[in-house]
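Please look through the sequence and the structure shown here before reading the notes that go with them.

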Amino acid sequence: GPPGAMGAGGLGVRAAHTALSGGLALGLLLHPTGEAKPPRPAVRGRPLREQVERGELLLPVIFIVLVLCSVLLYFKVSLMDPGFVKSEEEVKDEEQSIVIPQVSSSIKMRRCGYCMVKQPMRAKHCQVCQHCVRRYDHHCPWIENCVGEKNHPLFIVYLSIQLVALLWGGHTAWSGLYFKQSWDWLKHNIFLLMSFILIVIFTIVVLLLLISHLYLISCNTTTWEFMSYHRISYLRHSELENPFDQGVVLNLWRFFCSCHLTLTGKEPVIEGV
């Protein structure tokens, strides 16, 4: 697994994520609905606890399964190899023929100054993981791992499922609230109120992150390339603004359906690593 995956920091972040996800889900499922609320005629408008009490278990079960899938995907993306460049990897001559032709041939491949491996096209050394990562996007502190060639597609799936779970949880928290100006109301509804505020914050973050990633994927670029364009030699010396862009449809197809996202070749040099 990734270096430091079982370290204290990684364990702490993963434990916090699991506790927060499980706590919010169980809290929304078990929180009492109260007696003073007006009746809700539509099933979709009822809190999960009320649906359980009425024996309507389908939606609560789907919600719990969705949260479990989100947590499992989180651990999968967090603990898997993001695409570390192995020390024994060498670029073969037959692979060099498919390199983007607009990249200047004067740019020579080099060894990483930190881990001394040959860096394929679009690789970058991560100071936290202490490895070069193929098609490096960014190091995500929330998953305590890099997002790279091998786990980037699954990272997008995780964000999507997390977003659905958050939207559902937010709707559940909101449907359980009934506003009344009194201390008794606040004491009875403080959990739902705090849950709703937290869920709104997380939803905004996840939504913005998902939108930005989908945009970059549709352009076949990475967060690192987008932010550090002028420091990367194979982009700075390219005749095109984005030599990897092959159109939205083909970019998305190759990202989600292709096993190999990186085209390797003899040209790439990565500066400012």
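This is a predicted model: local features need pLDDT of at least 70, side-chain atom pairs count only at pLDDT 80 or more; totals for chains, interfaces and linings use all residues.

Residues are numbered from 1 along each chain as its sequence is written, and side-chain values use heavy atoms, with hydrogens and water left out. The protein has eight helices and four strands; helices (H or I, at least four residues) and strands (E, at least two) are DSSP runs, numbered from the N terminus.

**Overall make-up**

- Read from the N terminus, the elements follow the order α-α-α-β-β-β-β-α-α-α-α-α.
- The protein has 273 residues, and 45% of them count as buried; buried means under 20% relative accessible area, with a 1.4 Å probe and protein chains only.
- The accessible surface is about 14,400 Å², and carbon and sulfur atoms account for 67% of that surface; the areas come from the Shrake-Rupley method with a 1.4 Å probe.
- Contact means heavy atoms within 4.5 Å. Among contacts between residues at least 6 apart in sequence, 67% join residues at least 24 apart.

**Nonpolar cores**

- A nonpolar core is a set of buried Ala, Val, Leu, Ile, Met, Phe, Trp, Tyr and Cys residues joined through side-chain atoms within 4.5 Å.
- The largest core has 29 residues, and those touching the most other members are Leu-28, Phe-63, Ile-143, Phe-155, Ile-156, Tyr-158 and Leu-159.
- Two or more residues of this core come from each of helix 1 (8–30), helix 3 (58–79), helix 4 (152–176) and helix 5 (183–218).
- Helix 4 gives the most to this core, namely seven residues.
- A second, separate core has twelve residues, including Cys-126, Tyr-136, Cys-146 and Tyr-234.
- Beyond its neighbours within four places in sequence, Phe-155 is in contact with Val-77, His-138, Cys-140, Ile-143, Val-147, Leu-209 and His-213.

**Helix 3 and helix 4**

- These two helices pack at an angle of about 145°, with their axes 9 Å apart. Axes are lines fitted to C-alpha atoms, for helices over the stretch in contact, and angles run from 0 to 180 degrees between N-to-C directions.
- Among the residues making the contact are Phe-63, Leu-66 and Val-77 of helix 3, and Phe-155, Tyr-158 and Trp-168 of helix 4.
- Pro-60 is in helix 3 and is buried, at 4% relative accessible area.
- Pro-60 and Leu-29 are 31 residues apart in sequence but 7.3 Å apart in space, C-alpha to C-alpha.

**Cysteines and His-139**

- The structure holds zero disulfides, a disulfide being a pair of cysteine sulfur atoms within 2.5 Å.
- For Cys-140, the nearest cysteine sulfur is that of Cys-146, 9.7 Å away.
- Cys-140 counts as buried, with 9% relative accessibility.
- His-139 lies in strand 3 (residues 138–140) and is buried at 18% relative accessibility.
- Leaving aside neighbours within four places in sequence, the contacts of His-139 include Cys-126, Cys-129 and Cys-146.

**Positive phi angles**

- Most residues other than glycine have a negative phi.
- Arg-135 has a positive phi, near 45°; this residue is in the loop between strand 2 (131–133) and strand 3 and is buried, at 2% relative accessible area.
- Asn-220 also has a positive phi, near 55°; Asn-220 is in the loop between helix 5 and helix 6 (223–227) and is buried, at 14%.

Technical notes. Buried means under 20% relative accessible area, exposed over 50%, partly exposed in between (1.4 Å probe, protein chains only).
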